[in-house]
Amino acid sequence: MIIEDRPREYLERRVRAGLLEQNTVDLLRQLDVGERLDREGLVHDGIYLRREGRTQHIEIAKLTGRHVTIYGQQEVVKDLIAARLQRGGELHFEVSDVSVHDVESERPRISYSAGGSEHELECDFIAGCDGFHGICRPSIPSNLRTEYEYTYPFGWLGILAEAAPATDELIYAWHEHGFALYTMRSSKISRLYLQVPVDEELERWSDERIWAELQVRLASEGWRVNEGPILEKGITPMRTFVCEPMRHGRLFLAGDAAHIVPPTGAKGLNLAVNDVRLLAAAFAAWYRNGSAAGLDRYSDTALRRVWRAQDFSNYMTQLLHDLGGGAYESRLQLARLEYLSLSEAAATSLAENYAGLPARDDF
Ligand code: PHB
């Protein structure tokens, strides 16, 4: 049974990330929820890295045999909700006052309010998929968990615009003014991001200023970013976070409840999907043959990929952003970017991390 504190419309409309790894696409297909994804998703063979007007294509498909697919997170959420309801699963929206109890026992409980009355649910297990600000992680006693955290001194200002993307694949741009990213949602909708200071106020960024800065940071000779009406804008902080372990008794954390990565590597949604892949297999084994082995391994196994993604996301972030370290740091970043264009080994390392290392039972 799934309980959710937001209304369905909110979840289906909220603009979040949009890049699916090969593993995520494979899993959605396996679960028979990949039909619209296969029709509407934009399959990409690589990404562009741009600096000082020079553009390098990282040939992900050629180097790894794997692809990435652009398909908005809210589209994935729509498909999952529809499939769940269609298959007769229980799914309750707009619940409130949720708390978890007795997770160290064999009979953990969830209490919550819905439709004006109080409810209590007796469970075999609780999956805490309630995000970074959720109630599940804090319900693990603080002496039994370790939290690793770093907040970058900058954020991303993101816009969604009614404009045909002027690029066939994503452009990650290094610039003296700071990082910029050109991504998309369809052949008519662009999504773009600018690095901004951590405490930046959105009011300081008029539409004109946003477009002008995107043109500067993404510049390439004889080419321009396509401009159009801005449908949405917002600023996201850049944080990195891991909670260990991801299990306490019969409570299992998954996704942002247990870990956050900076968005530069496009790993957040994909890591959450991977947690759930491992957790679902562990539950299935427990119900099928009483084996607790998968459940006992869950935290260690999930954390292996979490730390791989932590390393990669922080590598991408530090490669491309103005970290405040001055001219010497900039020159190191340019040397690293140059290395990616000189060495197929270096490009392959980036490509295999970006596409996601293949799914395994133990990774
Ligand atoms: C997005 O499409 O919103 C997106 C893509 C790649 C990223 C981050 C965000 O690294």
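Helices (H or I, at least four residues) and strands (E, at least two) are taken here as DSSP runs and are numbered from the N terminus. The structure is a predicted model, in which local features need pLDDT of at least 70 and side-chain atom pairs count only at pLDDT 80 or more, while totals for chains, interfaces and linings use all residues. Residues are numbered from 1 along each chain as its sequence is written, and side-chain values use heavy atoms, with hydrogens and water left out.

Backbone geometry was examined at several loop positions. In the loop between strand 4 (47-51) and strand 5 (54-58), Glu52 has a phi near 45°, a positive value in a residue other than glycine. Ala266, placed in the loop between strand 19 (259-260) and helix 7, likewise is not a glycine and has a positive phi of about 60°. Most residues other than glycine have a negative phi, and most peptide bonds are trans. With buried meaning under 20% relative accessible area, exposed over 50% and partly exposed in between (1.4 Å probe, protein chains only), Glu52 counts as exposed because its relative accessibility is 54%, whereas Ala266 is buried because its relative accessible area is 17%.

An oxygen atom of the ligand is 2.7 Å from an N or O atom in the side chain of Tyr172, and an oxygen atom of the ligand is 2.8 Å from an N or O atom in the side chain of Arg185. For Thr264, a backbone N or O atom lies 3.3 Å from an oxygen atom of the ligand. Of the 280 Å² of accessible area that the ligand has on its own, the protein covers 97%, areas being computed by the Shrake-Rupley method with a 1.4 Å probe.

A nonpolar core is a set of buried Ala, Val, Leu, Ile, Met, Phe, Trp, Tyr and Cys residues joined through side-chain atoms within 4.5 Å. The largest such core has 35 residues, and those with the most contacts inside it are Ile126, Met246, Leu251, Phe252, Leu253, Leu295 and Tyr298. At least two residues of this core come from each of strand 9 (109-114), strand 16 (230-244), strand 18 (251-253), helix 7 (268-289) and helix 8 (293-320), with helix 8 giving the most, six residues. A second, separate core of 32 residues includes Ile58, Ile60, Trp156 and Ala355. In soluble globular proteins, nonpolar side chains tend to be buried together.

Asp361 is placed in the segment after helix 10 (344-355) and counts as exposed because its relative accessibility is 72%. With contact meaning heavy atoms within 4.5 Å, Asp361 touches Leu278 and Thr301, not counting residues up to four places away in sequence.

Terms used:
Polar contact = N/O pair within 3.5 Å; in protein donor to acceptor, adjacent residues only side chain to side chain.
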